[in-house]
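Thank you all for coming. I would like to walk you through one chain this morning, and I ask that you keep the structure in view while I talk.

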Amino acid sequence: MALDQSFVGRIYPPTPPYEVGREKIREFAEAVGDTNSVYVDPEAAKALGHSDVIAPPTFVFSITFKAAGQVVQDPQLGLDYSRVVHGDQKFAYVRPVRAGDRLTVTSTIEGIKSLAGNDVLDIRGEVHDESGEHVVTAWTKLVARAAEEA
C-alpha cells in the first residue's frame with residue numbers, strides 16, 4: 001500500500017540535544033579511515049581557524065538518521081521498515097560540526113512518491129546548535145521495496 005501523500009510537509013519535534021564529543025569524532029574518523037588531523041588534534045584545528053576539532057562531513061548522518069526514526073516509526077505513516085533500504089544521502093553545511101556542539105535535529109517529510117510499486121520517502125533534517133544557529137541540512141532518501149506477490 002502506497003504511503004499517504006498528505007504526510008508531505010509534516011514536521012516532527014526537535015530531538016533532545018546531542019553533545020558532540022572529541023572522542024566520538026575521533027572514533028568516527030577512524031572508522032571511516034579519514035586521517036585528517038583536524039578531526040583528532042585541537043591544535044591542528046585551531047591552526048585552521050576552528051575553536052576545537054571538527055567532525056568529518058558524514059559524521060552528522062548518525063545524528064540525523066536517528067532523528068529520522070521519528071518519521072520511520074510514525075504509526076500513522078505506515079512505513080514497513082523491514083522493506084526499507086537507504087537510497088541516498090546529501091548534506092549542505094553552513095559550518096562544520098565541532099566538538100562541544102549540542103545539536104538538535106528537526107525532521108520534515110519533504111517528499112513521498114511511488115515508483116514501480118516502491119515507496120520513496122525523502123526526509124530533511126535541519127540541524128541547529130543550542131544557540132539556534134543553523135549548522136547543516138541533511139537529506140535522507142529511503143526506499144521501501146514493494147511487497148512480493150505470493
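This is a predicted model: local features need pLDDT of at least 70, side-chain atom pairs count only at pLDDT 80 or more; totals for chains, interfaces and linings use all residues.

Let me begin with the lining of the largest cavity, whose residues divide into three nonpolar, four polar and one charged; here Ala, Val, Leu, Ile, Met, Phe, Trp, Tyr, Cys and Pro count as nonpolar, Asp, Glu, Lys and Arg as charged, and the others, Gly among them, as polar. Residues are numbered from 1 along each chain as its sequence is written, and side-chain values use heavy atoms, with hydrogens and water left out.

Which residues line this cavity? They are T64, A68, S107, I123, R124, G125, A138 and T140, where a lining residue has an atom within 4 Å of a cavity point, and a cavity is a set of points on a 1 Å grid over the protein atoms alone where a 1.4 Å probe fits but cannot get out. Strand 4 gives the largest share of that lining, three residues, and helix 3, strand 4 and strand 5 each supply at least two. The volume is about 30 Å³, taken as the space filled by probe spheres set on the points, which are joined across faces, edges and corners.

Stepping back to the whole chain, we find three helices and five strands, in the order β-α-α-α-β-β-β-β from the N terminus on; helices (H or I, at least four residues) and strands (E, at least two) are DSSP runs, numbered from the N terminus. Of the 150 residues, 41% are buried, and buried means under 20% relative accessible area, exposed over 50%, and partly exposed in between, with a 1.4 Å probe and protein chains only.

Now to the nonpolar cores, each a set of buried Ala, Val, Leu, Ile, Met, Phe, Trp, Tyr and Cys residues joined through side-chain atoms within 4.5 Å. The largest has 20 residues, and those with the most contacts inside it are I25, F59, V97, L103 and V127. Helix 1 (22-31), helix 3 (61-72), strand 3 and strand 5 (134-144) are the elements that give two or more residues to this core. A second, separate core has 15 residues, including F7, L77, L142 and A144.

If you look at V127 and leave aside its neighbours within four places in sequence, its contacts include V60, L103 and V136, a contact being heavy atoms within 4.5 Å.

Let me turn to Q89, in strand 2 (residues 84-93). Is this residue buried or exposed? Q89 counts as buried because its relative accessible area is 18%. Its side chain reaches the backbone oxygen of W139 at 2.9 Å, and a polar contact of 3.0 Å joins the side chains of Q89 and T140; a polar contact is a pair of N or O atoms within 3.5 Å, where, within protein, one must be able to donate a hydrogen and the other to accept it, and residues adjacent in sequence count only if both atoms are side-chain atoms.

Finally, A116 lies in the loop between strand 3 (102-115) and strand 4 (118-128), and its phi is near 55°, a positive value in a residue other than glycine. A116 counts as exposed because its relative accessibility is 79%.

Key:
On a 1 Å grid over the protein atoms alone, a cavity is a set of points where a 1.4 Å probe fits but cannot get out, and a pocket is an open set with protein on both sides within 12 Å along at least five of seven lines; lining residues have an atom within 4 Å of a point.
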